[in-house]
Structures are given as C-alpha cells and as structure tokens.
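Me: I have not seen this structure before. Please take me through it by question and answer.

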Amino acid sequence: MFRSRSKDEQAAESTATAGQPKQPRDPQAPKGRPTPKRAVAQSQRRAAALTPVSRKEAAKRQREARRAELGKQREGLAKGDERFFPARDRGPVRKFVRDYVDSRFSVPEFFLPLAVIILVLSTMPSPTLQNISQLLWLCVIVVMILDFVTLSFRLKKRLRERFPDENLRGAVPYALMRSLQMRRLRLPKPTVKRGERP
C-alpha cells in the first residue's frame, strides 16, 4: 500500500502523459487566479528588472543610488531646502547661528588664503621674509583666537535672549566651525548679507 513504485511503473506513467497532446485552455474558462491590476503588474516587472544579478552588480547599484542621494542632498543644501539638511544643520537655533555668523565679518574665514601666503613667504631664501612670515603667522593666530572668543561670548548672549527654553548644546562649536569656512564655500548657503542683523 505504501511501498514505492518501481522505476518501470514511473517511466510508463511519464510516457503515457507525454504521449497525450496538451489540450488548449478554453478562453472562456477561469484561470484560477485574478488578473493583476496594471500598476501591480508594472511594479512586479520593475522589481524583477531591478533585482541585481550578482553581488558586484548589487554593490554598483547601491553606489549609484547613494551618489544620486548625495547629489540631491547637496542641491537641497545649496538651495536652502531644510528637508535635505543633515541633522546638525536643522532647527531654528542652527538657522540663527548660521545667520549670525554669515552676517559678520570674521578673520578666520580668510585663514586658508593667509596660510598659503605665509607658507610661500616662509619658503623664500631671504631671512627677512621668513621673519615676516613668522610674525604674520603669530598675528593671524592671535587675531583668530580673539575673534573666536568674542564670537562665542556674543553668540551665547544672543542665544540665551532669543531661545531661553531651547537646547543650545553644540551651537557655539557649530558657529566656530562655520566661521572657519570661506563664505562662498559654506553649506547651507548664506541667506543674509554682511552687516544685516539676523
């Protein structure tokens, strides 16, 4: 009753079914499943096309998707669209800090060009120029420290007045890092002019 069939019986059965011609399905007969909606069928086809063939292909597609996402985020940062801002740039406190830094003239934003000039002067063979470069370097460092100190004191005071109930943690370091960047290279882009009160 439960014994397995012999190979001869299985072969005979398979030849019998193979010998019978397949009957075409009646067009009026039900398929046994509902016809999928067009949107569902298209999404299934798209998913099948997007399924990566190999690990290498999957990694390539992931890199391309990440590159496209970063491009969109950079474009949103340039336009000032807050939906694309990273977490560190979001919120009214960070917006105020950006506007405060962008509205003032600060020496640290010229640090990179000044550093290049000082480096060129220090490589000159003349001892006078080398002494001037060292003096300039010392002056730039002192002025930057003074600028950072005044910026942090004034910004803290303004933030306490403007946002008494908000969490102000990390706002001052954020301002110092932004003031080190050249104005035209800052992201998100400045929205206020120099001298304009935020």
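Me: In which helix does R67 lie?
Reply: The model shown is a predicted one. Its protein chain has seven helices and zero strands. Among these helices, the one that spans residues 55–79 holds R67, and it is helix α3.

Me: Is R67 buried or exposed?
Reply: Exposed residues are those with over 50% relative accessible area. The relative accessibility of R67 is 56%, so R67 counts as exposed.

Me: Which residues gather in the patch of positive charge on the surface?
Reply: R67 of helix α3 belongs to this patch. The patch is formed on the surface by K56, K60, R63 and R67.

Me: Which residue forms a salt bridge with R61?
Reply: The two partners both lie in helix α3, four residues apart, about one turn of the helix. R61 is partly exposed, with a relative accessible area of 28%. The closest N and O atoms of the pair are 3.2 Å apart, and the partner of R61 is E57.

Me: Which residues make the nonpolar surface patch, and what is its area?
Reply: One of its members, I141, has its place in helix α6 (residues 127–162). With 33% relative accessibility, I141 counts as partly exposed. The patch is made by W137, I141, I145, V149 and F153, and its area is about 480 Å².

Me: Is D89 buried or exposed?
Reply: The side chain of D89 meets that of R88 in a salt bridge, at 3.2 Å from N to O. Residues under 20% relative accessible area count as buried. D89 has a relative accessible area of 1%, and therefore it is buried.

Me: How many residues apart are R178 and D102?
Reply: R178 forms a salt bridge with D102, with the closest N and O atoms 3.0 Å apart. This pair links distant parts of the chain, since R178 belongs to helix α7 and D102 to helix α4 (residues 92–103); the separation is 76 residues.

Me: Which residues are linked with R178 in a network of salt bridges?
Reply: The structure holds eight salt bridges. R178 and D102 are both buried. In the network, R178 is linked with D102, E109, R186 and R194.

Key:
Residues numbered from 1 in each chain as written. Predicted model: local features only at pLDDT ≥ 70, side-chain atom pairs only at ≥ 80, totals over all residues. Heavy atoms only, no water. Helix = DSSP H or I, 4+ residues; strand = E, 2+ residues; numbered from the N terminus. Patch = residues over 30% accessible without salt bridge, like charges linked within 9 Å, V, L, I, M, F, W, Y side chains within 5 Å. Areas by Shrake-Rupley, 256 points an atom, 1.4 Å probe, with all protein chains shown as cover. Salt bridge = Lys/Arg side-chain N within 4 Å of Asp/Glu carboxyl O. Lys, Arg positive; Asp, Glu negative; His and termini not counted. Charge placed at Lys NZ, Arg CZ, Asp CG, Glu CD. Buried < 20%, exposed > 50% of the residue type's maximum accessible area, 1.4 Å probe, protein only.
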